[in-house]
Number of protein chains: 2
Amino acid sequence: MTTAPTTVLGDRELALRERARHVIPGGMYGHMNVAAFSTAHPQFMVSGDGCRVTDADGHEYLDLMCGWGPVVLGHRHRGVNTAILDQLQRGDCLDGTSPLAVDYAELLVDTVPSADWAMFCKNGTDATTTCVTTARAATGKRKVLVANGAYHGAVPWCSLRGAGVTGEDQAHLVHYEYNDLASAEQAAAEAGDDLAAILVCPMRHDVRRDQELVDPAFARGLRALADRTGAALILDDVRCGHRLDLRGSWEPLGVRPDLTAWSKALANGQPLGAVTGTDALRDAARSIYVTGSFWYAAVPLAAGLATLRELRKGQALPDMLRTGTRLREGLAAQATAHGYGIRQTGPVQMPVLYFDGDDDLSVGTAWAEAAAKRGVYLHPWHNWFLSAAHTDADIDEILERTDGAFTDLR
Amino acid sequence: MTTAPTTVLGDRELALRERARHVIPGGMYGHMNVAAFSTAHPQFMVSGDGCRVTDADGHEYLDLMCGWGPVVLGHRHRGVNTAILDQLQRGDCLDGTSPLAVDYAELLVDTVPSADWAMFCKNGTDATTTCVTTARAATGKRKVLVANGAYHGAVPWCSLRGAGVTGEDQAHLVHYEYNDLASAEQAAAEAGDDLAAILVCPMRHDVRRDQELVDPAFARGLRALADRTGAALILDDVRCGHRLDLRGSWEPLGVRPDLTAWSKALANGQPLGAVTGTDALRDAARSIYVTGSFWYAAVPLAAGLATLRELRKGQALPDMLRTGTRLREGLAAQATAHGYGIRQTGPVQMPVLYFDGDDDLSVGTAWAEAAAKRGVYLHPWHNWFLSAAHTDADIDEILERTDGAFTDLR
């Protein structure tokens, strides 16, 4: 179980890349295109178990990405997989949705204080798009405030990349600076009487920069701004949801959104997104037409319900807080011992690490590649994710390998 | 197996609806909101097997919707489910995609003559959006020709409903009339030198109207128009794909699109979409940023691969053609015998039935409700779908029940 890879990229990986180059543009697309961040991470994976994943050549990695977020209880979590298999044996994509949709909506409403209702979808982008559409339907207005650099999905209305995007796609976005309430007030003034929504992530988790926790005064200020203007406050909890606080990531601050977008960790890897909202937005949510061929499928709902039930037992989040702290403290000590200045930011369950003065991220990339070679899968400029499957012993094993990665930097 | 429901809506269904009313806006959303089309169809389903589905009260229905398209081989098809279970036991949502993505892309490229490459996603809307974005990136232009009334997804840029949609969302759509080449030429002229793409479905399958097969001269005319203007011809094969012709629904006409959007039947119910395209569009597809948390998951890819392998054996489509013809001829004879004028349009694998003179669809709705009460699940104004699991005997059983539904109309 603890054998680190003996080579960087195996023969199967290289052969798959060559084949992929012919039949997939660029060999891969999107955030899992390893060419965008590493020369040492495998592009292809074949299996996962708990907090470990295995590539096509049989190299095992201690997993600090957890499928880039979805896997919150660990790969192939027994309880969730039992629910998946049980539902698969009954049926999945039927002519109506499953009673599980009701059970699950009720459990979300019971768990999330800002939720009076829920709707289900497939992608995080489905959820953010549904939130914005609902807010526009509710208010009859068009402008949406978004933070500079914030990721809310990869479709033209919110894309951070220009290719294929028209000016009209983002004509009604008005930008503010995260944690800068004056800039949000200014953006709202710019929107004038056409303001439909304020869209915000629970923290600033943009790639290629330190993560930034929300200033509670900023969160409260956005809530007040929404109240004052009649705009809907939309919390994009796609990345943080179910990892920081089951009640919604801003509940500890006492700031409740009108609409929340959920996805990633909802169903421990099964494709599921959700929108929850308040009674005041119920009629608007009902008035819009959103749907998808697989939105009603029973298996992901069964997985979502099983995941939330497991999380509500109360052990998973404290476990991640403990192991995440252990990882952060261990990495800090290693960096000091090896003579590197580093910054670890964001919640310990969703950490990221940057080297001081590493403006082009070359040191961080070399360190992440060294970690991959030693059997730890982590990312040089996207936040990582812990799961409840990580034990203290797993963290210690990760740290043993990252210590070697620091050594390799020399 | 053949017991028809003894009551319309059972106690469990009614109890679920009451609970859903509190926690889901309107009790349900999207195309599976039964309130939009019936008082007799169950909102909730618990299982499926072959061409039969069962509602929450244990009422079994012969299924003519097949999950509204995805289920092309039958519910819980053994071969596909074996592939699903096998992959689930290895892992699903990992840190990289599965080698199955390469196997599957290769098999699609081998199957679809217009495909030199493939990308995978979750929803049909993901696929159509990716096609349009790719075309815009390739051409540097913005206008997209779309047919009046055509459904290409349920997000603001293509939504057919107004709530929550802004004018800018659809600012670059220019409309033409399906099967009217002059109207498409006119729309292209209107787009001028800003034409990025011509988006078209393989046939006109808009709801609430007769389906209309494509006029081959129209299809060829669009191809020529795209060639002349440099626009990408995008075939939205989401609904028809893998049911009419594995090579793509316009291959029998000899008209090859530049880009094709796929979803629904790709993976027999597992959530999967795909975009395929030509070499000329490869760099553009590579240049755009599209992604989703679950796009790389292994299980739906395993299901897609197993589904396509099964379909390539060559029996499923001829089977659907035979059983669909049997159904169409049987319904025609019944209508005549009962003294009703009806129209059955579209390919027999994707039929729809309207009553002559039934402008408000009240007769068709009453007949569909009568069929539901007798244990046949079909729709009054959305096309139906056959699967390879329907046998001649199943069709005969359906016909026995629909004959009763015609009687009930009296």
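This is a predicted model: local features need pLDDT of at least 70, side-chain atom pairs count only at pLDDT 80 or more; totals for chains, interfaces and linings use all residues.

Trainee: What is the general idea behind a salt bridge, and how many salt bridges does the structure hold over all chains?

Mentor: In general, side chains of opposite charge can pair when their charged atoms come close. Over all chains, the structure holds 60 salt bridges. Take Asp245(A) and Arg247(A) as a case: their closest N and O atoms are 2.9 Å apart, and they form a salt bridge.

Trainee: Is Asp245(A) buried or exposed?

Mentor: Asp245(A) has a relative accessible area of 13%, and because buried means under 20%, Asp245(A) is buried. In chain B you can look at Asp86(B) and Arg90(B), which form a salt bridge with the closest N and O atoms 3.2 Å apart. Here Asp86(B) is partly exposed at a relative accessible area of 35%, and Arg90(B) is partly exposed as well, at 41%.

Trainee: Which distant parts of the chain does the pair of Arg223(B) and Asp258(B) link?

Mentor: Let us begin with the contact itself, in which the side chains of Arg223(B) and Asp258(B) meet in a salt bridge of 2.9 Å, N to O. The pair links distant parts of the chain, since Arg223(B) belongs to helix H6 (residues 216–229) of chain B, while Asp258(B) sits in the loop between strand S10 (232–236) and strand S11 (259–262), and the two residues are 35 residues apart. Arg223(B) is buried, with a relative accessible area of 15%, and Asp258(B) is buried too, with 14%. Salt bridges can also share partners, and in this way Arg52(A), Glu60(A), Asp394(A), Glu397(A) and Arg401(A) are joined into one network.

Trainee: Now to strands: which residues point one way from strand S3 of chain B, and which the other way?

Mentor: From strand S3 (residues 60–63) of chain B, Glu60(B) and Leu62(B) point one way and Tyr61(B) and Asp63(B) the other way, and all of them are buried. To see how the strand is paired, look at strand S2 (residues 52–55) of chain B, which runs antiparallel to S3(B) and is joined to it by three bridges. Within this pairing, Arg52(B) stands opposite Leu62(B). The hairpin of S2(B) and S3(B) has four residues between the strands, and Gly58(B) there takes a positive phi near 85 degrees.

Trainee: Which residue in S15(B) does Leu62(B) stand opposite?

Mentor: Leu62(B) stands opposite Val376(B) in S15(B). Strand S15 (residues 376–377) of chain B runs parallel to S3(B), and two bridges join them.

Trainee: What area is buried between chain A and chain B?

Mentor: The size of an interface is often given as the accessible area lost when the parts come together. In this model, the area buried between chain A and chain B is about 8500 Å², and carbon and sulfur atoms give 61% of that area. In chain A, Tyr29(A), Asp95(A) and Tyr289(A) lose the most area to chain B, together 11% of what that side buries. Counted by residues, 98 of chain A are in contact with 98 of chain B.

Trainee: How many salt bridges are found across the interface of chain A and chain B?

Mentor: Six salt bridges are found across that interface, and one case to look up is Arg142(A) with Glu168(B), whose side chains meet at 3.7 Å, N to O. There are also 46 residue pairs in polar contact across the interface of chain A and chain B.

Trainee: Which residues does Thr129(A) touch?

Mentor: Leaving aside residues up to four places away in sequence, Thr129(A) touches Val155(A), Trp157(A), Val155(B) and Pro156(B). Thr129(A) lies in helix H4 of chain A and counts as buried at 7% relative accessibility. The side chains of Thr129(A) and Trp157(A) are joined by a polar contact of 2.8 Å.

Key
Residues are numbered from 1 along each chain as its sequence is written. Chains are lettered from A and ligands numbered from 1 in the order in which they are written. Side-chain values use heavy atoms; hydrogens and water are left out. A salt bridge is a side-chain nitrogen of Lys or Arg within 4 Å of a carboxyl oxygen of Asp or Glu. Buried means under 20% relative accessible area, exposed over 50%, partly exposed in between (1.4 Å probe, protein chains only). Two strands pair if DSSP finds at least two bridges between them. Contact means heavy atoms within 4.5 Å. Buried area is the accessible area (1.4 Å probe) that two parts lose on being put together, summed over both. A polar contact is a pair of N or O atoms within 3.5 Å; within protein, one must be able to donate a hydrogen and the other to accept it, and residues adjacent in sequence count only if both atoms are side-chain atoms.
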